[in-house]
Amino acid sequence: MSYNNDYQEREENVGAGILGAFLLALIGGLVYIGLYWINVFPPICGVLIIVLAIIGFRLFGKKPSLKSVFISLAVSFVVLIITIYFTLAIDAYLAYADWYANGETESAISFGQAILYGYQFLSEPSLFLYYLKQFGLAVLFSLAGSTLFIVDGVKLYKQLKEY
């Protein structure tokens with residue numbers, strides 16, 4: 001019983017938890033980019049990103065809570081946006097390299113330029129819809145991956161409220 005009281009009395013370190021969620025979710029983002037690179041269904045990594053974000057929050061934040069799940073979900077959405085943007089930059093870089101090789105453009109671009117100016121490709125409706133679809137699918141997988149954590153968080157919240 002004293003273990004439960006010690007566990008309840010520990011303060012949650014939200015700042016460190018957010019940092020941990022972000023760092024571990026970035027690992028999932030790298031896996032997403034790797035799967036995108038080899039043309040395997042990358043939105044499935046939404047589950048990995050949210051699970052790693054929750055684990056990171058709990059490791060660095062030192063206390064599981066319902067709040068940790070929702071903050072981790074928000075962090076995973078941010079990481080997904082960053083990841084999708086990097087896939088756009090990769091596609092822009094490869095497209096310019098291909099156009100340069102075929103003589104369709106006078107110069108190739110660096111990957112840094114692709115990152116800085118990749119958003120301009122989103123003005124093309126078909127590309128915008130493609131990346132929006134990739135983001136939407138990854139978010140759906142993230143939500144699906146977080147349901148068990150949300151249920152556990154609600155149970156923990158109700159348990160702590162009883163004390």
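Reply: Gladly! Helices (H or I, at least four residues) and strands (E, at least two) are DSSP runs, numbered from the N terminus. By that rule, the protein chain has 6 helices and 0 strands, in the order α-α-α-α-α-α along the sequence. This is a predicted model, in which local features need pLDDT of at least 70 and side-chain atom pairs count only at pLDDT 80 or more, while totals for chains, interfaces and linings use all residues. Residues are numbered from 1 along each chain as its sequence is written, and side-chain values use heavy atoms, leaving out hydrogens and water.

Me: What is the span of α6, and where does α6 bend?

Reply: Helix α6 covers residues 125-162, 38 residues in total, and reaches 52 Å from its first C-alpha to its last, close to the expected 56 Å. The bend, of about 40°, is at T147; it is the angle between axes fitted to the seven residues ending there and the seven starting there.

Me: What makes a residue of α6 count as buried, and which helices do the buried ones pack against?

Reply: Buried means under 20% relative accessible area, exposed means over 50%, and partly exposed lies in between (1.4 Å probe, protein chains only). In α6 the buried residues include Y131, S142, F149 and L156. They pack against α2 (14-37), α3 (45-61) and α4 (66-101), where contact means heavy atoms within 4.5 Å. In α2, buried residues include G17, L24, G28 and Y36, and their cover includes α3, α4 and α6. Over the whole protein chain, 34% of the 163 residues count as buried.

Me: How does the radius of gyration of the protein chain compare with that of a compact globule?

Reply: The radius is taken over C-alpha atoms, and the globule rule is 2.2 Å times the number of residues to the power 0.38. For 163 residues the rule gives a value near 15 Å, but the protein chain has 20 Å. Along the principal axes, its C-alpha atoms fill a box of roughly 75 × 25 × 25 Å.

Me: Why is the pair of F86 and F111 called tilted?

Reply: The structure holds 6 aromatic pairs. Rings of Phe, Tyr and Trp (its six-membered ring) pair if their centres lie within 6.5 Å; planes under 30 degrees apart count as stacked, over 60 as edge-to-face and the rest as tilted. The centres of F86 and F111 are 6.4 Å apart and the planes are at 40°, so this pair is tilted. F86 lies in α4 and F111 in α5 (residues 111-117), so the pair ties together parts 25 residues apart in sequence. Ring pairs also link F86, Y93 and F111 into a cluster.

Me: Why does F86 count as partly exposed?

Reply: Its relative accessibility is 29%, so F86 counts as partly exposed. F111, at 31%, is partly exposed too.

Me: What makes Y96 and W99 an edge-to-face pair?

Reply: Their centres are 5.0 Å apart, with 65° between the planes. Y96 and W99 are 3 residues apart in helix α4, so about one helical turn separates them.

Note on methods:
Expected span 1.5 Å × (residues − 1).
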